[in-house]
Amino acid sequence: MDNKLDIKAFLDKDEQKDLLRLLTAGSVDDGKSTLIGRLLFDSKKLYEDQLDALERDSKRVGNAGEHIDYALLLDGLKAEREQGITIDVAYRYFSTNGRKFIIADTPGHEQYTRNMITGGSTANLAIILVDARTGVITQTRRHTFLVSLLGIKHVVLAVNKMDLVDFSEERFDEIVSEYKKFVEPLGIPDVNCIPLSALDGDNVVDKSERTPWYKGISLLDFLETVHIDNDHNFTDFRFPVQYVLRPNLDFRGFCGKVASGIVRKGDTVMALPSGKTSKVKSIVTYDGELDYAFPPQSVTLTLEDEIDVSRGEMLVHPDNLPIVDRNFEAMMVWMDEEPMDINKSFFIKQTTNLSRTRIDAIKYKVDVNTMEHLSIDNGQLTKDNLPLQLNQIARVVLTTAKELFFDPYKKNKSCGSFILIDPITNNTSAVGMIIDRVEMKDMAATDDIPVLDLSKLDIAPEHHAAIEKVVKELERQGLSIKVIK
Ligand SMILES: Nc1nc2c(ncn2[C@@H]2O[C@H](COP(=O)(O)OP(=O)(O)OP(=O)(O)O)[C@@H](O)[C@H]2O)c(=O)[nH]1
(Lines give C-alpha, C1' and ligand atoms only; values in the text may rest on other atoms or scores of the structure.)
Protein backbone atom coordinates (compact mmCIF):
# COMPACT_ATOMS: atom_id res chain seq x y z
CA MET A 1 0.00 0.00 0.00
CA ASP A 2 1.67 3.23 -1.09
CA ASN A 3 -0.27 5.54 1.21
CA LYS A 4 2.11 4.70 4.03
CA LEU A 5 3.93 7.58 5.61
CA ASP A 6 7.71 7.52 5.39
CA ILE A 7 8.30 9.31 8.68
CA LYS A 8 12.01 9.83 8.28
CA ALA A 9 11.88 11.31 4.79
CA PHE A 10 8.85 13.29 5.84
CA LEU A 11 10.55 14.83 8.87
CA ASP A 12 13.75 15.56 6.96
CA LYS A 13 12.05 17.46 4.19
CA ASP A 14 9.18 18.88 6.14
CA GLU A 15 11.00 21.50 8.17
CA GLN A 16 11.82 23.73 5.23
CA LYS A 17 8.42 23.89 3.57
CA ASP A 18 6.20 26.88 3.89
CA LEU A 19 3.00 26.64 5.87
CA LEU A 20 -0.58 27.33 4.89
CA ARG A 21 -3.14 27.53 7.67
CA LEU A 22 -6.63 26.84 6.54
CA LEU A 23 -10.04 26.87 8.05
CA THR A 24 -12.87 24.63 6.90
CA ALA A 25 -16.50 25.53 7.41
CA GLY A 26 -19.74 24.09 6.21
CA SER A 27 -23.08 22.99 7.56
CA VAL A 28 -23.91 19.50 8.81
CA ASP A 29 -23.49 16.84 6.13
CA ASP A 30 -21.99 19.09 3.46
CA GLY A 31 -19.10 16.64 3.40
CA LYS A 32 -16.42 18.50 5.33
CA SER A 33 -15.09 15.41 7.09
CA THR A 34 -15.13 13.45 3.85
CA LEU A 35 -13.20 16.22 2.09
CA ILE A 36 -10.55 16.50 4.79
CA GLY A 37 -10.27 12.71 4.96
CA ARG A 38 -9.84 12.64 1.19
CA LEU A 39 -7.12 15.28 1.29
CA LEU A 40 -5.24 13.31 3.95
CA PHE A 41 -5.75 10.04 2.08
CA ASP A 42 -4.83 11.28 -1.39
CA SER A 43 -1.85 13.26 -0.19
CA LYS A 44 -0.61 9.95 1.24
CA LYS A 45 -0.37 11.02 4.81
CA LEU A 46 -1.94 8.02 6.50
CA TYR A 47 -0.34 5.26 8.46
CA GLU A 48 -0.92 1.73 7.26
CA ASP A 49 -2.86 0.71 10.36
CA GLN A 50 -5.09 3.78 9.93
CA LEU A 51 -5.81 2.67 6.37
CA ASP A 52 -6.67 -0.86 7.41
CA ALA A 53 -8.96 0.45 10.14
CA LEU A 54 -10.55 2.83 7.65
CA GLU A 55 -11.40 0.05 5.21
CA ARG A 56 -12.70 -2.15 8.01
CA ASP A 57 -14.82 0.59 9.60
CA SER A 58 -16.19 1.74 6.24
CA LYS A 59 -17.65 -1.73 5.67
CA ARG A 60 -18.98 -1.93 9.20
CA VAL A 61 -20.41 1.51 9.99
CA GLY A 62 -19.63 3.74 7.04
CA ASN A 63 -22.15 6.14 5.53
CA ALA A 64 -20.72 6.00 2.06
CA GLY A 65 -22.18 2.76 0.68
CA GLU A 66 -19.57 0.75 -1.15
CA HIS A 67 -17.09 3.61 -0.90
CA ILE A 68 -14.47 4.12 1.73
CA ASP A 69 -16.00 6.56 4.23
CA TYR A 70 -13.23 9.10 4.59
CA ALA A 71 -15.26 10.95 7.19
CA LEU A 72 -14.51 8.12 9.62
CA LEU A 73 -10.97 9.44 9.87
CA LEU A 74 -12.35 12.39 11.72
CA ASP A 75 -14.75 10.48 13.88
CA GLY A 76 -13.01 11.11 17.16
CA LEU A 77 -13.95 14.72 16.82
CA LYS A 78 -17.52 13.94 15.87
CA ALA A 79 -18.08 11.73 18.90
CA GLU A 80 -16.86 14.51 21.13
CA ARG A 81 -19.21 16.93 19.52
CA GLU A 82 -22.21 14.69 19.80
CA GLN A 83 -21.58 14.19 23.48
CA GLY A 84 -20.98 17.87 23.89
CA ILE A 85 -17.74 17.20 25.77
CA THR A 86 -15.55 19.61 23.90
CA ILE A 87 -16.44 22.09 21.28
CA ASP A 88 -12.86 22.91 20.58
CA VAL A 89 -11.37 23.40 17.20
CA ALA A 90 -9.67 20.27 15.85
CA TYR A 91 -6.39 20.95 14.15
CA ARG A 92 -5.16 18.51 11.54
CA TYR A 93 -1.81 18.46 9.93
CA PHE A 94 -0.74 17.19 6.53
CA SER A 95 1.89 18.02 3.99
CA THR A 96 2.59 17.55 0.31
CA ASN A 97 5.78 17.97 -1.66
CA GLY A 98 5.15 21.68 -1.91
CA ARG A 99 3.71 22.81 1.40
CA LYS A 100 2.73 22.06 4.97
CA PHE A 101 -0.89 22.52 5.95
CA ILE A 102 -2.69 22.97 9.22
CA ILE A 103 -6.44 22.56 8.93
CA ALA A 104 -8.61 24.10 11.61
CA ASP A 105 -11.80 22.11 11.44
CA THR A 106 -14.53 24.10 13.10
CA PRO A 107 -18.10 22.98 13.77
CA GLY A 108 -20.60 24.77 11.58
CA HIS A 109 -23.55 25.57 13.80
CA GLU A 110 -24.24 29.10 15.00
CA GLN A 111 -23.60 28.05 18.59
CA TYR A 112 -19.98 27.42 17.58
CA THR A 113 -19.30 30.88 16.19
CA ARG A 114 -16.64 31.44 18.84
CA ASN A 115 -14.86 28.24 17.77
CA MET A 116 -14.76 29.46 14.22
CA ILE A 117 -13.34 32.77 15.38
CA THR A 118 -10.67 30.92 17.37
CA GLY A 119 -9.81 28.52 14.55
CA GLY A 120 -9.82 31.25 11.93
CA SER A 121 -7.79 33.83 13.78
CA THR A 122 -4.52 32.64 12.25
CA ALA A 123 -5.88 31.19 9.00
CA ASN A 124 -4.55 32.25 5.60
CA LEU A 125 -7.41 30.66 3.73
CA ALA A 126 -10.94 29.38 4.31
CA ILE A 127 -12.66 26.53 2.51
CA ILE A 128 -16.40 27.03 2.68
CA LEU A 129 -18.37 23.97 1.66
CA VAL A 130 -21.79 23.88 0.11
CA ASP A 131 -23.83 20.91 -1.03
CA ALA A 132 -24.42 21.28 -4.78
CA ARG A 133 -28.03 20.25 -4.29
CA THR A 134 -28.87 22.94 -1.75
CA GLY A 135 -26.40 25.64 -2.83
CA VAL A 136 -25.77 28.79 -0.81
CA ILE A 137 -27.64 28.71 2.50
CA THR A 138 -27.75 30.83 5.66
CA GLN A 139 -24.73 29.06 7.14
CA THR A 140 -22.70 29.77 4.00
CA ARG A 141 -23.41 33.47 4.43
CA ARG A 142 -22.63 33.42 8.15
CA HIS A 143 -19.35 31.59 7.67
CA THR A 144 -18.32 33.93 4.88
CA PHE A 145 -19.17 36.96 6.99
CA LEU A 146 -17.03 35.63 9.86
CA VAL A 147 -14.20 34.92 7.44
CA SER A 148 -14.36 38.51 6.20
CA LEU A 149 -14.50 39.78 9.78
CA LEU A 150 -11.31 37.85 10.52
CA GLY A 151 -9.65 39.42 7.50
CA ILE A 152 -8.94 36.07 5.81
CA LYS A 153 -7.89 37.04 2.32
CA HIS A 154 -8.38 33.79 0.39
CA VAL A 155 -11.64 31.87 0.18
CA VAL A 156 -12.46 28.68 -1.68
CA LEU A 157 -16.13 27.96 -2.17
CA ALA A 158 -16.07 24.17 -2.46
CA VAL A 159 -19.23 23.13 -4.28
CA ASN A 160 -19.37 19.52 -3.09
CA LYS A 161 -21.45 16.50 -4.09
CA MET A 162 -21.34 17.48 -7.76
CA ASP A 163 -21.90 13.76 -8.50
CA LEU A 164 -25.44 14.17 -7.16
CA VAL A 165 -26.25 16.91 -9.70
CA ASP A 166 -24.71 15.06 -12.67
CA PHE A 167 -21.70 17.38 -12.65
CA SER A 168 -23.97 20.05 -14.09
CA GLU A 169 -22.18 23.18 -15.25
CA GLU A 170 -25.44 25.16 -15.04
CA ARG A 171 -25.97 24.23 -11.40
CA PHE A 172 -22.39 25.13 -10.55
CA ASP A 173 -22.68 28.51 -12.32
CA GLU A 174 -25.94 29.22 -10.55
CA ILE A 175 -24.37 28.64 -7.12
CA VAL A 176 -21.26 30.64 -8.02
CA SER A 177 -23.22 33.62 -9.24
CA GLU A 178 -25.42 33.65 -6.13
CA TYR A 179 -22.36 33.42 -3.90
CA LYS A 180 -20.44 36.13 -5.76
CA LYS A 181 -23.33 38.56 -5.49
CA PHE A 182 -23.29 38.22 -1.77
CA VAL A 183 -19.53 37.99 -1.22
CA GLU A 184 -18.45 41.00 -3.29
CA PRO A 185 -19.55 43.74 -0.85
CA LEU A 186 -17.58 41.99 1.92
CA GLY A 187 -14.35 42.89 0.14
CA ILE A 188 -12.58 39.52 0.37
CA PRO A 189 -9.81 39.94 -2.22
CA ASP A 190 -9.45 36.38 -3.50
CA VAL A 191 -12.52 34.15 -3.97
CA ASN A 192 -12.34 30.90 -5.93
CA CYS A 193 -15.09 28.40 -6.64
CA ILE A 194 -14.32 24.72 -7.32
CA PRO A 195 -16.78 21.95 -8.29
CA LEU A 196 -15.99 18.81 -6.25
CA SER A 197 -17.00 15.38 -5.27
CA ALA A 198 -15.20 14.70 -2.01
CA LEU A 199 -16.55 11.17 -1.97
CA ASP A 200 -15.29 10.24 -5.46
CA GLY A 201 -12.28 12.53 -5.37
CA ASP A 202 -13.22 14.73 -8.35
CA ASN A 203 -11.12 17.93 -8.45
CA VAL A 204 -9.82 17.28 -4.94
CA VAL A 205 -6.28 16.24 -5.81
CA ASP A 206 -6.51 15.67 -9.57
CA LYS A 207 -8.57 17.47 -12.19
CA SER A 208 -11.71 15.49 -12.94
CA GLU A 209 -12.70 14.30 -16.40
CA ARG A 210 -16.28 14.60 -15.30
CA THR A 211 -16.11 18.42 -15.23
CA PRO A 212 -14.51 19.21 -18.63
CA TRP A 213 -16.19 22.64 -18.51
CA TYR A 214 -14.27 23.61 -15.37
CA LYS A 215 -11.14 25.48 -16.44
CA GLY A 216 -9.60 26.01 -13.00
CA ILE A 217 -7.23 23.81 -11.04
CA SER A 218 -7.91 21.13 -8.42
CA LEU A 219 -8.38 22.05 -4.78
CA LEU A 220 -5.03 20.64 -3.68
CA ASP A 221 -3.21 22.36 -6.57
CA PHE A 222 -4.78 25.58 -5.46
CA LEU A 223 -3.84 25.06 -1.81
CA GLU A 224 -0.28 24.27 -2.84
CA THR A 225 0.16 27.33 -5.03
CA VAL A 226 -1.96 30.11 -3.54
CA HIS A 227 0.33 33.06 -2.91
CA ILE A 228 0.22 34.12 0.73
CA ASP A 229 3.48 36.00 1.25
CA ASN A 230 1.84 39.32 0.47
CA ASP A 231 -0.74 38.74 3.17
CA HIS A 232 1.80 39.72 5.81
CA ASN A 233 2.28 43.36 6.65
CA PHE A 234 5.96 44.02 5.91
CA THR A 235 5.48 47.78 5.83
CA ASP A 236 4.67 49.05 9.31
CA PHE A 237 7.36 48.02 11.78
CA ARG A 238 5.80 47.18 15.16
CA PHE A 239 7.75 45.46 17.91
CA PRO A 240 5.69 44.96 21.07
CA VAL A 241 8.15 44.34 23.88
CA GLN A 242 7.51 41.02 25.61
CA TYR A 243 10.15 41.37 28.29
CA VAL A 244 13.41 43.13 28.99
CA LEU A 245 16.46 40.94 29.24
CA ARG A 246 19.12 42.23 31.60
CA PRO A 247 21.47 39.40 32.53
CA ASN A 248 24.21 41.84 33.57
CA LEU A 249 24.85 45.57 33.56
CA ASP A 250 26.45 45.46 30.09
CA PHE A 251 23.52 43.96 28.28
CA ARG A 252 19.98 45.20 27.91
CA GLY A 253 17.88 43.42 25.28
CA PHE A 254 14.25 43.88 24.34
CA CYS A 255 12.65 40.55 23.55
CA GLY A 256 9.53 40.03 21.49
CA LYS A 257 8.02 38.98 18.23
CA VAL A 258 8.09 41.25 15.20
CA ALA A 259 4.34 41.87 14.81
CA SER A 260 4.69 43.56 11.41
CA GLY A 261 7.16 45.37 9.19
CA ILE A 262 10.89 44.81 8.86
CA VAL A 263 13.63 46.04 11.20
CA ARG A 264 17.28 46.31 10.17
CA LYS A 265 20.47 46.75 12.14
CA GLY A 266 21.22 50.48 12.27
CA ASP A 267 17.53 51.53 11.94
CA THR A 268 16.41 54.43 14.07
CA VAL A 269 13.59 53.26 16.30
CA MET A 270 11.24 55.10 18.62
CA ALA A 271 9.94 53.72 21.91
CA LEU A 272 6.26 54.23 22.64
CA PRO A 273 4.86 55.88 24.65
CA SER A 274 8.02 57.76 25.70
CA GLY A 275 8.87 58.96 22.17
CA LYS A 276 12.60 58.46 22.85
CA THR A 277 14.68 57.32 19.89
CA SER A 278 17.80 55.26 19.43
CA LYS A 279 19.44 53.02 16.80
CA VAL A 280 19.25 49.23 16.61
CA LYS A 281 22.68 47.95 17.64
CA SER A 282 22.02 44.25 17.15
CA ILE A 283 19.27 41.76 16.39
CA VAL A 284 19.97 38.68 18.46
CA THR A 285 18.39 35.25 18.13
CA TYR A 286 19.09 31.86 19.61
CA ASP A 287 20.85 30.91 16.35
CA GLY A 288 23.04 34.01 16.18
CA GLU A 289 22.77 37.63 15.08
CA LEU A 290 20.68 38.84 12.13
CA ASP A 291 20.94 41.86 9.85
CA TYR A 292 17.18 42.21 9.69
CA ALA A 293 14.05 40.63 11.12
CA PHE A 294 10.46 40.33 9.95
CA PRO A 295 7.17 38.80 11.19
CA PRO A 296 6.67 36.42 12.90
CA GLN A 297 10.31 36.14 14.01
CA SER A 298 11.03 36.25 17.73
CA VAL A 299 14.17 38.27 18.38
CA THR A 300 15.98 40.33 20.97
CA LEU A 301 16.85 43.89 19.96
CA THR A 302 19.66 45.82 21.59
CA LEU A 303 19.86 49.59 21.17
CA GLU A 304 22.81 51.99 21.04
CA ASP A 305 21.42 54.20 23.81
CA GLU A 306 20.11 53.33 27.23
CA ILE A 307 16.44 54.17 26.84
CA ASP A 308 13.76 52.88 29.12
CA VAL A 309 11.33 50.49 27.47
CA SER A 310 9.24 48.03 29.45
CA ARG A 311 6.96 45.12 28.74
CA GLY A 312 3.82 46.19 26.89
CA GLU A 313 5.55 49.14 25.27
CA MET A 314 6.45 49.21 21.61
CA LEU A 315 9.38 49.94 19.30
CA VAL A 316 8.48 51.42 15.91
CA HIS A 317 10.04 53.47 13.13
CA PRO A 318 9.64 57.18 13.98
CA ASP A 319 8.33 58.01 10.50
CA ASN A 320 5.64 55.32 10.67
CA LEU A 321 3.68 55.47 13.89
CA PRO A 322 0.69 53.42 15.00
CA ILE A 323 -2.34 55.12 16.53
CA VAL A 324 -1.72 55.93 20.18
CA ASP A 325 -5.04 56.32 21.95
CA ARG A 326 -7.32 55.21 24.76
CA ASN A 327 -10.53 55.18 22.70
CA PHE A 328 -11.43 53.13 19.69
CA GLU A 329 -14.22 51.36 17.89
CA ALA A 330 -14.08 47.66 17.21
CA MET A 331 -16.07 44.69 16.01
CA MET A 332 -16.27 42.35 18.97
CA VAL A 333 -17.36 38.72 19.28
CA TRP A 334 -18.63 37.68 22.71
CA MET A 335 -16.91 34.43 23.75
CA ASP A 336 -18.12 33.91 27.31
CA GLU A 337 -21.09 31.88 28.57
CA GLU A 338 -21.70 34.82 30.93
CA PRO A 339 -23.43 37.62 28.99
CA MET A 340 -21.73 40.98 28.84
CA ASP A 341 -22.13 43.19 31.86
CA ILE A 342 -21.81 46.76 30.63
CA ASN A 343 -20.99 48.02 34.14
CA LYS A 344 -18.03 45.74 34.55
CA SER A 345 -14.45 46.66 33.75
CA PHE A 346 -12.30 44.13 31.92
CA PHE A 347 -8.65 43.51 31.24
CA ILE A 348 -7.77 44.17 27.64
CA LYS A 349 -4.79 42.40 26.10
CA GLN A 350 -3.56 43.86 22.83
CA THR A 351 -0.13 42.71 21.61
CA THR A 352 1.87 42.50 24.86
CA ASN A 353 0.02 45.39 26.42
CA LEU A 354 -2.37 44.81 29.29
CA SER A 355 -4.75 47.46 30.53
CA ARG A 356 -8.14 47.89 32.15
CA THR A 357 -11.02 48.81 29.88
CA ARG A 358 -14.70 49.55 29.94
CA ILE A 359 -17.25 49.18 27.21
CA ASP A 360 -18.67 52.64 26.57
CA ALA A 361 -21.29 51.78 24.01
CA ILE A 362 -22.60 49.18 21.66
CA LYS A 363 -23.25 50.92 18.34
CA TYR A 364 -25.07 48.01 16.79
CA LYS A 365 -25.26 44.25 16.96
CA VAL A 366 -24.87 42.22 13.80
CA ASP A 367 -27.30 39.46 12.96
CA VAL A 368 -24.73 36.90 11.80
CA ASN A 369 -27.22 35.14 9.57
CA THR A 370 -28.53 38.10 7.63
CA MET A 371 -25.70 40.55 8.35
CA GLU A 372 -28.33 43.12 9.31
CA HIS A 373 -27.33 45.78 11.80
CA LEU A 374 -29.55 45.68 14.86
CA SER A 375 -29.30 49.19 16.20
CA ILE A 376 -29.14 50.10 19.82
CA ASP A 377 -30.75 53.30 21.19
CA ASN A 378 -28.19 56.11 21.00
CA GLY A 379 -25.39 53.62 21.43
CA GLN A 380 -26.62 52.83 24.95
CA LEU A 381 -28.04 49.61 26.25
CA THR A 382 -31.63 49.86 27.38
CA LYS A 383 -33.71 47.28 29.14
CA ASP A 384 -34.98 46.16 25.75
CA ASN A 385 -31.47 45.71 24.46
CA LEU A 386 -30.02 42.69 26.09
CA PRO A 387 -26.27 42.86 26.48
CA LEU A 388 -24.09 40.75 24.22
CA GLN A 389 -24.56 37.02 24.62
CA LEU A 390 -22.24 34.16 23.73
CA ASN A 391 -21.39 34.17 19.98
CA GLN A 392 -22.99 37.56 19.33
CA ILE A 393 -21.12 40.20 17.39
CA ALA A 394 -21.32 43.96 17.83
CA ARG A 395 -19.61 47.17 16.93
CA VAL A 396 -18.50 48.69 20.22
CA VAL A 397 -16.67 51.69 21.62
CA LEU A 398 -14.01 51.02 24.25
CA THR A 399 -12.01 53.26 26.55
CA THR A 400 -8.86 51.86 28.11
CA ALA A 401 -7.10 53.02 31.27
CA LYS A 402 -3.70 53.17 29.54
CA GLU A 403 -2.90 54.30 26.03
CA LEU A 404 -2.67 51.46 23.52
CA PHE A 405 -0.52 51.46 20.38
CA PHE A 406 -2.64 50.00 17.62
CA ASP A 407 -3.50 49.92 13.93
CA PRO A 408 -6.83 49.20 12.30
CA TYR A 409 -7.20 45.42 12.00
CA LYS A 410 -7.65 45.72 8.24
CA LYS A 411 -4.16 47.13 7.98
CA ASN A 412 -2.42 45.11 10.64
CA LYS A 413 -3.92 42.00 12.17
CA SER A 414 -1.51 41.60 15.06
CA CYS A 415 -1.73 45.18 16.30
CA GLY A 416 -5.41 45.58 15.49
CA SER A 417 -6.76 42.68 17.52
CA PHE A 418 -7.37 42.26 21.22
CA ILE A 419 -9.05 40.07 23.79
CA LEU A 420 -11.08 41.06 26.82
CA ILE A 421 -10.46 39.07 29.98
CA ASP A 422 -12.90 38.85 32.86
CA PRO A 423 -10.90 40.01 35.91
CA ILE A 424 -12.82 37.71 38.25
CA THR A 425 -13.17 34.45 36.33
CA ASN A 426 -10.12 34.98 34.12
CA ASN A 427 -12.21 33.79 31.13
CA THR A 428 -11.69 35.21 27.68
CA SER A 429 -14.83 37.30 27.46
CA ALA A 430 -14.47 38.63 23.94
CA VAL A 431 -12.17 39.00 20.98
CA GLY A 432 -12.12 42.16 18.96
CA MET A 433 -10.93 43.66 15.71
CA ILE A 434 -10.18 47.38 15.89
CA ILE A 435 -11.81 49.55 13.26
CA ASP A 436 -10.32 52.91 14.22
CA ARG A 437 -9.89 55.49 16.94
CA VAL A 438 -13.15 57.10 17.96
CA GLU A 439 -12.50 60.53 16.45
CA MET A 440 -12.38 58.89 13.06
CA LYS A 441 -15.48 56.85 13.66
CA ASP A 442 -17.38 55.63 10.66
CA MET A 443 -14.36 56.30 8.51
CA ALA A 444 -12.62 52.98 8.08
CA ALA A 445 -15.43 50.51 8.62
CA THR A 446 -15.85 48.08 5.77
CA ASP A 447 -19.27 49.46 4.97
CA ASP A 448 -18.62 53.18 5.06
CA ILE A 449 -15.20 54.25 3.79
CA PRO A 450 -15.52 57.87 2.61
CA VAL A 451 -15.01 58.44 -1.10
CA LEU A 452 -13.15 61.39 -2.59
CA ASP A 453 -14.19 61.71 -6.22
CA LEU A 454 -11.52 63.88 -7.89
CA SER A 455 -13.49 64.11 -11.12
CA LYS A 456 -16.19 66.04 -9.28
CA LEU A 457 -13.77 68.62 -7.91
CA ASP A 458 -12.65 71.63 -9.85
CA ILE A 459 -8.96 70.83 -9.51
CA ALA A 460 -6.48 70.58 -12.37
CA PRO A 461 -5.23 67.00 -12.92
CA GLU A 462 -1.61 68.06 -12.29
CA HIS A 463 -2.59 68.69 -8.68
CA HIS A 464 -4.06 65.21 -8.21
CA ALA A 465 -0.70 63.74 -7.24
CA ALA A 466 -0.41 66.20 -4.36
CA ILE A 467 -3.90 65.29 -3.15
CA GLU A 468 -3.06 61.61 -3.34
CA LYS A 469 0.01 62.27 -1.24
CA VAL A 470 -2.15 63.84 1.46
CA VAL A 471 -4.54 60.88 1.29
CA LYS A 472 -1.61 58.47 1.64
CA GLU A 473 -0.42 60.34 4.70
CA LEU A 474 -3.92 60.18 6.20
CA GLU A 475 -3.99 56.45 5.45
CA ARG A 476 -0.69 56.05 7.21
CA GLN A 477 -2.32 57.59 10.23
CA GLY A 478 -5.10 55.03 9.98
CA LEU A 479 -7.75 57.02 8.11
CA SER A 480 -9.01 55.25 5.00
CA ILE A 481 -10.31 57.27 2.07
CA LYS A 482 -11.15 55.85 -1.30
CA VAL A 483 -9.95 58.09 -4.14
CA ILE A 484 -11.72 58.00 -7.49
CA LYS A 485 -9.98 59.79 -10.38
N1 LIG B 1 -22.62 11.61 -3.09
C2 LIG B 1 -21.75 12.24 -2.30
N3 LIG B 1 -21.82 12.09 -0.98
C4 LIG B 1 -20.92 12.74 -0.21
C5 LIG B 1 -19.91 13.56 -0.77
N6 LIG B 1 -19.18 14.06 0.24
C7 LIG B 1 -19.71 13.56 1.39
N8 LIG B 1 -20.76 12.77 1.11
C9 LIG B 1 -21.61 12.04 2.05
O10 LIG B 1 -22.34 12.99 2.81
C11 LIG B 1 -22.51 12.55 4.14
C12 LIG B 1 -21.95 13.58 5.11
O13 LIG B 1 -20.55 13.67 4.93
P14 LIG B 1 -19.59 14.15 6.10
O15 LIG B 1 -18.24 14.23 5.52
O16 LIG B 1 -19.79 13.32 7.30
O17 LIG B 1 -20.21 15.58 6.33
P18 LIG B 1 -19.76 16.70 7.36
O19 LIG B 1 -20.04 18.00 6.69
O20 LIG B 1 -18.41 16.45 7.86
O21 LIG B 1 -20.80 16.47 8.46
P22 LIG B 1 -20.67 16.87 9.99
O23 LIG B 1 -19.32 16.39 10.45
O24 LIG B 1 -21.78 16.10 10.62
O25 LIG B 1 -20.79 18.35 10.03
C26 LIG B 1 -21.81 11.20 4.22
O27 LIG B 1 -22.76 10.18 4.03
C28 LIG B 1 -20.82 11.23 3.06
O29 LIG B 1 -20.49 9.96 2.56
C30 LIG B 1 -19.86 13.70 -2.20
O31 LIG B 1 -19.03 14.39 -2.78
N32 LIG B 1 -20.81 13.01 -2.90
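Which residue in S14 does Gly253 stand opposite? Gly253 stands opposite Thr302. This report starts from that pair and then turns to the rest of the structure, which is a predicted model.

**Overall make-up**

The protein has nine helices and 24 strands. Of its 485 residues, 51% count as buried. Among contacts between residues at least 6 apart in sequence, 72% join residues at least 24 apart.

| Domain | Residues |
|---|---|
| Domain 1 | 7-225 |
| Domain 2 | 238-316 |
| Domain 3 | 323-435 |
| Domain 4 | 451-483 |

**Strand S8 and its partners**

Strand S8 covers residues 251-257, and five of its seven residues are buried, so the strand is largely enclosed by the rest of the structure. S8 pairs with strand S7 (residues 238-248) in the antiparallel sense, over five bridges. Within this pairing, Gly256 of S8 is the bridge partner of Val241. S7 and S8 form a hairpin, with two residues between them. S8 also pairs with strand S14 (residues 298-303), again in the antiparallel sense and over five bridges. In a regular strand, side chains alternate between the two faces of the sheet.

**Helix H2**

The buried residues of H2 include Lys32, Arg38, Leu35 and Leu39. Leu35 and Leu39 are also among the contacts of Leu219, when neighbours of Leu219 within four places in sequence are left aside.

In soluble globular proteins, nonpolar side chains tend to be buried together. Here the largest nonpolar core has 72 residues, of which Ile127, Phe145, Val147, Tyr179, Leu219, Leu223 and Ile393 touch the most other members. This core draws at least three residues from each of domain 1 and domain 3. A second, separate core has 20 residues, including Met332, Trp334, Met340 and Leu420.

For Leu219, with those sequence neighbours again left aside, the contacts include Ile127, Val156, Ile194 and Leu196. Asn203 and Val204 are also in contact with Leu219.

**Where domain 1 meets domain 3**

How many residues of domain 1 are in contact with domain 3? There are 19, and they are in contact with 15 residues of domain 3. The two domains bury about 1,500 Å² between them, 64% of it on carbon and sulfur atoms. In domain 1, Arg114, Phe145 and Leu149 lose the most area to domain 3, together 41% of what that side buries. Across this interface of domain 1 and domain 3, zero salt bridges are found.

Is Asp422 buried or exposed? Asp422 counts as buried because its relative accessibility is 2%, and the cut-off for buried is under 20%. Asp422 lies in the loop between strand S21 (417-421) and strand S22 (428-437). Leaving aside its neighbours within four places in sequence, Asp422 is in contact with Asp336, Lys344, Phe346, Asn427 and Ser429.

Arg92 is found in strand S2 (residues 90-95). At 18% relative accessibility, Arg92 also counts as buried. The C-alpha atoms of Arg92 and Asp236 are separated by 32 Å, and these two residues are 144 residues apart along the chain.

Conventions:
Residues are numbered from 1 along each chain as its sequence is written. This is a predicted model: local features need pLDDT of at least 70, side-chain atom pairs count only at pLDDT 80 or more; totals for chains, interfaces and linings use all residues. Side-chain values use heavy atoms; hydrogens and water are left out. Buried means under 20% relative accessible area, exposed over 50%, partly exposed in between (1.4 Å probe, protein chains only). Helices (H or I, at least four residues) and strands (E, at least two) are DSSP runs, numbered from the N terminus. Two strands pair if DSSP finds at least two bridges between them. A nonpolar core is a set of buried Ala, Val, Leu, Ile, Met, Phe, Trp, Tyr and Cys residues joined through side-chain atoms within 4.5 Å. Domain bounds come from an automatic or database domain assignment. Contact means heavy atoms within 4.5 Å. Buried area is the accessible area (1.4 Å probe) that two parts lose on being put together, summed over both. A salt bridge is a side-chain nitrogen of Lys or Arg within 4 Å of a carboxyl oxygen of Asp or Glu.
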